[in-house]
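Hello,

Here is the structure I promised to pass on to you. Have a look at it first, and then read my notes below.

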Amino acid sequence: MRISCKSTFALCGIAISLFIPLVSGAQAANDPEAALKSINSWYSDQIKQARDNKTTLDTTKLLAERRAKIQAALKDADVEKTEPSKCLALAQLYSSVQMQKESLAAAKRFLTSNPVEAQKYSAQQMILNGYQASGDVSGILEMLDTMKPYNPTMAANLLSLTARSYAGIVADKKGLQAGLDLIAK
């Protein structure tokens, strides 16, 4: 049986396309940063291809595929076994598939790595999201007390989010005055 060069390249392409997702999935449990980068790159490439080909993008299908890739990447992930400095990426992956409890745990673990200001603030925002999702008023108040926005834009965003979201949760659980005091603070 004789195989042409063209057939050989096609077979190699198929083999590589089948192998790459396995590598990406395997990286996630060991390296959430690589998994997040790989998934985000794939996602961006899908959007770019649709734009370049001038085709309509099926966003529902694309988001479902992205979700499946993230869930596959998280299959063997364990917050406690992940290096703290890589836990922000793990928290982002969990958050992307609405796994708030796991995202909260990963973001908290990340803070133990003594991150730079911008990353610390991102983790703190993820923690706030987790507390908001669970209705944990004490957690919200504690986190807001420790947060220090690193620029005026972040300060304005935090104030806006506090007024729109967190103050309402606090007011529901601790009374209207507690919500108003939070905004004033």
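This is a predicted model: local features need pLDDT of at least 70, side-chain atom pairs count only at pLDDT 80 or more; totals for chains, interfaces and linings use all residues.

Let's begin with the whole chain. Its secondary structure consists of nine helices and zero strands, so reading along the sequence gives the pattern α-α-α-α-α-α-α-α-α. The chain has 185 residues, and 30% of them count as buried. Its accessible surface is about 11,700 Å², with 56% of that belonging to carbon and sulfur atoms. If you take the contacts between residues at least 6 apart in sequence, 51% of them join residues at least 24 apart.

Now for the charged side chains. In general, side chains of opposite charge can pair when their charged atoms come close. The count here comes to five salt bridges. One of them joins the side chains of Lys-86 and Asp-31, at 3.1 Å from N to O. Lys-86 sits in the loop between helix 3 and helix 4, and Asp-31 in the loop between helix 1 (5-30) and helix 2, so this pair ties together parts that are 55 residues apart in sequence. Is Asp-31 buried, exposed or partly exposed? Its relative accessibility is 23%, so Asp-31 counts as partly exposed. Lys-86, at 18%, counts as buried.

Lys-86 also meets the side chain of Glu-33 in a salt bridge, at 3.5 Å from N to O. Because Glu-33 lies in helix 2 and Lys-86 in the loop between helix 3 and helix 4, the pair links parts that are 53 residues apart in sequence. Glu-33 is partly exposed, with a relative accessible area of 38%.

Another salt bridge is formed by the side chains of Lys-75 and Asp-76, at 3.9 Å from N to O. Lys-75 is exposed at 65% relative accessibility, and Asp-76 is exposed at 54%. As for shared partners, salt bridges join Asp-31, Glu-33 and Lys-86 into one network.

Leaving aside neighbours within four places in sequence, Gln-124 is in contact with Leu-111, Met-143, Thr-146, Met-147 and Lys-148.

Most residues other than glycine have a negative phi. Lys-54, however, is not a glycine and has a positive phi of about 55°. Lys-54 lies in the loop between helix 2 (32-52) and helix 3 (59-74) and is exposed, at 75%. Gln-98 also has a positive phi, near 55°. You will find Gln-98 in the loop between helix 4 (87-96) and helix 5, where it counts as exposed at 56%.

Finally, which residues form a nonpolar patch on the surface? They are Leu-159, Leu-176, Leu-180 and Ile-183, with about 380 Å² of accessible area together. Helix 9 (residues 176-184) gives the most to the patch, with three residues. Leu-176 is in helix 9 and counts as exposed, at 62% relative accessibility.

Enjoy exploring!

Conventions. Residues are numbered from 1 along each chain as its sequence is written. Side-chain values use heavy atoms; hydrogens and water are left out. Patches are made of residues with over 30% relative accessible area and no salt bridge: like charges are joined within 9 Å, nonpolar side chains (Val, Leu, Ile, Met, Phe, Trp, Tyr) within 5 Å. Accessible areas come from the Shrake-Rupley method with a 1.4 Å probe; for residues, only the protein chains shown count as cover. A salt bridge is a side-chain nitrogen of Lys or Arg within 4 Å of a carboxyl oxygen of Asp or Glu. Helices (H or I, at least four residues) and strands (E, at least two) are DSSP runs, numbered from the N terminus. Buried means under 20% relative accessible area, exposed over 50%, partly exposed in between (1.4 Å probe, protein chains only). Contact means heavy atoms within 4.5 Å.
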